[in-house]
Structures are given as structure tokens and as C-alpha cells.
Amino acid sequence: MPNFTDVTEFILVGLTSRQELRVLFFVMLLIVYMITLLGNIGMIILIGISPQLQSLMYFFLSHLSFVDVWFSSNVTPKMLENLLSETKTISYVGCLVQCYFFIALVHVEVYILAVMAFDHYMAICNPLIYGSKMSRTVCVRLILVPYIYGFSVSLICTLWTYGLYFCDNFVINHFYCADPPLIKIACGGVPIKEYTMIVIAGINFTYSLSVVLISYMLIVVAVLHMRSANSRKKAFSTCGSHLTTVSMFYGTLIFMYLRRPTEESVEQGKMVAVFYTTVIPMLNPMIYSLRNKDVKEAVSKAITKTCLGQ
């Protein structure tokens with residue numbers, strides 16, 4: 001029978017044990033994190049102050065930026081601290097809290113991306129009734145659902161993580177508290193946690209991704225029936241940024257969570273996790289800025305107004 005031990009803290013292995021690489025990673029990830037904060041907070045402020053960015057698409061985009069700020073901030077500060085620390089510990093409670101917010105924010109983000117796809121579908125395929133069907137009240141409700149659902153599901157998932165038992169191995173082969181490496185070192189409560197993790201991730205990723213795919217299938221059909229080349233170009237341009245974000249985010253999460261945790265998958269998962277916890281939140285504002293004429297014009301006007309002191 002396993003000798004279960006009360007856990008007070010875990011040791012995070014981190015990205016690397018090589019001192020010269022730790023300093024390099026610290027500098028690089030600190031720069032990425034600062035760009036993430038500046039880009040996403042800047043996007044939220046820009047949408048709030050710019051008259052031309054008051055459409056519902058930008059309302060949803062501001063919430064995507066808000067979630068990206070917290071998503072990155074849940075992981076990156078502790079990762080940066082451990083890159084310069086010799087102890088690299090995280091308390092048991094701190095680990096559960098990090099797990100809770102990570103799972104919650106992942107679910108919030110995937111469903112916000114699904115809501116944005118549905119909004120694109122309504123705007124392109126049903127332009128005549130878009131204003132009446134997608135009112136501000138409806139959109140507030142649509143954006144509230146991902147938050148309520150995400151944090152509720154995360155509470156259930158975190159309780160199952162709390163049900164894991166540990167023996168004499170408290171070393172997490174990761175740079176934050178994630179389910180796969182925790183399952184790998186647990187010696188009790190593993191089957192139910194492993195099963196529920198895969199099932200819940202599979203159901204939510206499949207459902208939200210289905211909304212995205214069906215929305216875009218209908219959009220493609222509608223666009224192909226458009227007579228104007230400019231209308232087709234504008235429609236694809238509107239959807240391009242969102243499709244890029246969806247592809248990056250879903251691709252990395254499916255790679256991470258829809259596999260059984262093994263030593264090899266956990267090691268590979270660390271590199272993938274760097275991408276979706278730090279790089280993607282940094283890239284999202286850039287993707288929507290560089291590919292969007294309205295955002296670029298709003299940035300230009302805001303800079304001009306600031307420079308002129310008006």
C-alpha cells in the first residue's frame with residue numbers, strides 16, 4: 001500500500017538547470033511578458049477610447065486581451081522568479097490556486113474565441129438582422145457565459161486535483177503547476193483525475209472548436225456567393241486574425257491535454273506550454289493590429305493626439 005505523505009510544497013524543475021541558459025531565458029521571457037502586458041492593456045485602452053472601435057467585434061477582442069493578461073500573469077511571474085532562484089518551490093495551496101486559474105482562463109479563452117467566431121458568422125451571413133439579434137445586452141450575456149462556465153468547471157477540476165495523493169516525490173517536471181506533471185508524480189487518485197482531465201478537455205475543446213468550424217464553414221459558403229471581390233476580401237480580412245489566433249491556441253492545447261501524461265509528453269509539453277502561456281498572449285494584439293485597418297487607424301490617431309497634446 002502506498003505511503004501517502006502530507007504535501008506542504010512542491011519543487012518546480014523549471015525550463016532548464018543550466019545557469020547560463022536560465023539568465024538568457026529570464027531576459028527573453030521578461031521582455032515577452034512586458035510586451036504582453038503593454039500590448040494587451042494597450043489594446044483594451046485603445047478600444048475603450050476610440051470611437052471607430054466601438055463595434056461588438058472589438059468588445060469581444062477587449063475581453064480576449066483581458067483574459068490574455070491574466071493568463072500570462074498566472075504563470076510568468078513565478079516562472080521568472082524560479083529562473084533566478086535556487087529553491088524553485090511553490091506551496092501546495094499556491095499550486096492549487098495556479099491550477100485553478102489556469103484551467104479557468106483556458107476555458108474562458110476557448111469559449112470567447114467561439115463567441116467571436118459566432119459574431120463573425122452573424123455579421124457576414126446575416127447582416128440585415130445583425131443589429132437586432134446581436135444587441136449589446138445579448139453580447140454581454142454571451143461574454144458572461146464563458147467566465148461563469150470556465151471558473152465553475154475549473155473549480156470541479158481543481159477539486160479532483162486536490163484528490164491526488166503523493167508519496168515521496170514532490171518534484172514537478174514543469175515551470176508551473178499543471179495537471180499532466182502532477183498526475184505523473186502522484187501515487188493515488190490518478191485514474192479518476194486522468195480520466196476526467198481528458199474527458200473534460202476533450203468535450204470543451206471539441207464543442208468550442210465545433211462552433212468555430214461550423215461558423216467558418218457557413219462564412220465560406222456565404223463569401224463564395226458574394227458578387228463583389230471587395231466584399232469577399234473584406235470578409236476574409238475580418239476573419240483572418242481570428243483564425244490565426246484559433247489555430248495557434250487550439251493546436252498547442254490539444255497537443256498538451258489530449259494525451260496521456262508520460263515522461264516524454266510532459267517534457268515536450270514544457271516547450272509547448274512556453275508558447276501558449278507567454279508567446280500567444282504577446283502575439284494576439286500584434287495579429288489583430290497588423291491585420292486590421294481600423295485598429296491601425298485608431299493607433300495612429302491616438303499617437304497623433306498624444307503628440308499634439310490634444
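This is a predicted model: local features need pLDDT of at least 70, side-chain atom pairs count only at pLDDT 80 or more; totals for chains, interfaces and linings use all residues.

Let's start with the sulfurs. A disulfide is a covalent bond between the sulfur atoms of two cysteines. With a cut-off of 2.5 Å between sulfur atoms, the count here comes to 2 disulfides. Counting bonded cysteines along the chain, they follow the pattern 1-3, 2-4.

| Disulfide | S to S distance |
|---|---|
| Cys 95 and Cys 177 | 2.0 Å |
| Cys 167 and Cys 187 | 2.0 Å |

Take Cys 95 and Cys 177. Cys 95 sits in helix α3, while Cys 177 is in the loop between β3 (171-172) and α6 (179-185), so this bond ties together parts that are 82 residues apart in sequence. The S-S torsion is about -120°, so this disulfide is left-handed. Both ends are tucked away: Cys 95 is buried at 2% relative accessible area, and Cys 177 is buried at 1%.

Now for the other bond, Cys 167 with Cys 187. The link is right-handed, with 105° about the S-S bond. Cys 167 lies in the loop between α5 and β3 and Cys 187 in the loop between α6 and α7 (190-224), so the pair ties together parts 20 residues apart in sequence. Cys 167 is buried, with a relative accessible area of 15%, but Cys 187 counts as partly exposed at 27%.

What about Cys 99, and how far is its sulfur from the closest cysteine sulfur? That closest sulfur belongs to Cys 95 and is 4.6 Å away, too far for a bond. Cys 99 is buried, at 2% relative accessibility. Cys 125 is in no disulfide either, as the nearest cysteine sulfur, in Cys 239, is 8.7 Å away. Cys 125 is partly exposed, with a relative accessible area of 24%.

Back to helix α3, this time for its packing. It meets helix α5 (residues 136-162) at an angle of about 145°, with the axes 8 Å apart. The crossing is right-handed, and the contact residues divide into 22 nonpolar, 5 polar and no charged.

Last stop: the largest pocket, with a volume of about 640 Å³. Of its 25 lining residues, the closest to the centre are Met 57, Tyr 58, Lys 234, Thr 238 and Asp 294. Elements giving two or more residues to the lining include α3 (92-125) and α8 (229-257). Helix α8 gives the most, with 7 residues. By class, the lining has 10 nonpolar, 9 polar and 6 charged residues.

Definitions and conventions:
Residues are numbered from 1 along each chain as its sequence is written. Side-chain values use heavy atoms; hydrogens and water are left out. On a 1 Å grid over the protein atoms alone, a cavity is a set of points where a 1.4 Å probe fits but cannot get out, and a pocket is an open set with protein on both sides within 12 Å along at least five of seven lines; lining residues have an atom within 4 Å of a point. Grid points are joined across faces, edges and corners, and a volume is the space filled by probe spheres set on the points. Helices (H or I, at least four residues) and strands (E, at least two) are DSSP runs, numbered from the N terminus. Ala, Val, Leu, Ile, Met, Phe, Trp, Tyr, Cys and Pro count as nonpolar, Asp, Glu, Lys and Arg as charged, and the others, Gly among them, as polar. Axes are lines fitted to C-alpha atoms, for helices over the stretch in contact, and angles run from 0 to 180 degrees between N-to-C directions. A crossing is left-handed if the near helix is turned anticlockwise from the far one by less than a right angle, and right-handed if clockwise. Buried means under 20% relative accessible area, exposed over 50%, partly exposed in between (1.4 Å probe, protein chains only).
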